[in-house]
Amino acid sequence: MVTRVFNGRYVRIWTDYVEESAVEQISNLASLPFLYHHLAIMPDVHAGNGMPIGGVLPCQGVVIPHAVGADIGCGMCAVKSSYLVDNISREQLETIVARIRELVPVGTDHHAKPQSEEYLPQGFDISNLEVVSGAADKILYWIGTLGGGNHFIELQRDEQGYLWVMIHSGSRQLGHCVGCHYNEVAQRLNRQWYSSVPERYNLAFLPEGTAEFDAYWAEMEYCVEFALANRRLIMERIIGAIRQTLPQIEFEPMINIAHNYAAYEEHFGHQVIVHRKGATRAAEGVLGIIPGSQGTASYIVEGLGNPESFCSCSHGAGRVLSRNAARRELDLNEEIERLNRQGIIHSITTQEDLDEAAGAYKDIDTVMANQADLVRVVARLLPVAVIKGH
């Protein structure tokens, strides 16, 4: 971890290299008048919209929609099974993968029929949630779908050989709609208030005590729960698909984490609003998930509760190439050969599939070494099969 000073404020950074565009965004964040104590930057940092991915921003009295991110509640879940991968044939694995593809829409696909309302988050009166209520019919088609981009389903093996299932997915289009709506609300209000935060920073805020803050916070919380419900339903259907082929298999309880959200937490003796955008909570003893890139290792970790990171860690490896750059610069045949050489079941066939290739990301083992003071590795997982969509 290194400490730098931007605009007179301390910034703790868990990597030796930060791209220039992310440095500019870090400088902007450090100038915010409501920044609390210091800013924390995780080792997977790269430029985002307003705030870099891999950032942890503690604030006093405000929430910033773009510091939460568009895919509110996006996160990971994983389960360990009772089966050794070596006892599962290639044919059985391919059957399982094919069945998962039938049950879980990927990319821009949604369910053809609405799913049961019992799968949605319970205990919310969505009539009070402007954006969510407007999407009430659509979310029944979205629940239980993976999405595209860096979202994935992987079958994995740990170092003892046991089969794991890992999912990366979020709140689907719902979080995007909520984030965009309230960022526009915040921008309009900040103009009316002649805010000292420059509009070009793309960090419009909503203060505590306003109706707009309360409205965003309620809808954000719903999106976080919707994203969890989405991952839970996907996992339920994956487990069902596996049990069709391996009826005796058992699974341990699901590990779940989110990495795009804001929460009230106590740090350095004060309650503040902590924004995690592409960062995972790593309080002492809390289990987390840090995935690698396509075809590389992922990690189950236990938080060490480091106060300097506001009890946080990275949410993955972190991009070094944009999606467009990856498709333009990486070699398709080399990527296919690398995955085939590892025996990984995949569906990489076109240049578009390279946006999540290993060459588009930082080395996950270097990222893990950089945050050895934030987490302890519980399990190292290697991919057996990868399912994703554009």
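I started with Arg12, which is buried at a relative accessible area of 14%, since anything under 20% counts as buried. This is a predicted model, so I'm reading everything here as computed. Arg12 makes a salt bridge with Glu308, with the closest N and O atoms 2.8 Å apart. Arg12 sits in strand β2 and Glu308 in the loop between β15 and β16, so the pair ties together parts that are 296 residues apart in sequence. Glu308 is partly exposed, at 22% relative accessibility.

Next entry: Asp355 and Arg327. Their salt bridge has its closest N and O atoms 3.0 Å apart. Asp355 is in the loop between α9 and α10, Arg327 is in helix α8, and 28 residues separate the two. Asp355 is buried at 1% relative accessibility, while Arg327 is partly exposed at 24%.

Arg338 and Glu335 form a salt bridge at 2.9 Å, N to O. Both belong to helix α9, three residues apart, or about one turn. Arg338 is buried at 18%, and so is Glu335 at 7%. I also noted a network of salt bridges with shared partners, joining Arg319, Arg323 and Glu356. The total count of salt bridges is 16.

The crossing is left-handed. Contact residues include Tyr182 and Leu189 of α6, plus Tyr216 and Phe226 of α7. By type, the contact has eleven nonpolar, two polar and three charged residues.

How values were computed:
Residues numbered from 1 in each chain as written. Predicted model: local features only at pLDDT ≥ 70, side-chain atom pairs only at ≥ 80, totals over all residues. Heavy atoms only, no water. Left-handed = near helix turned anticlockwise from the far one by under 90°. Helix = DSSP H or I, 4+ residues; strand = E, 2+ residues; numbered from the N terminus. Contact = heavy atoms within 4.5 Å. Nonpolar A, V, L, I, M, F, W, Y, C, P; charged D, E, K, R; others polar. Salt bridge = Lys/Arg side-chain N within 4 Å of Asp/Glu carboxyl O. Buried < 20%, exposed > 50% of the residue type's maximum accessible area, 1.4 Å probe, protein only.
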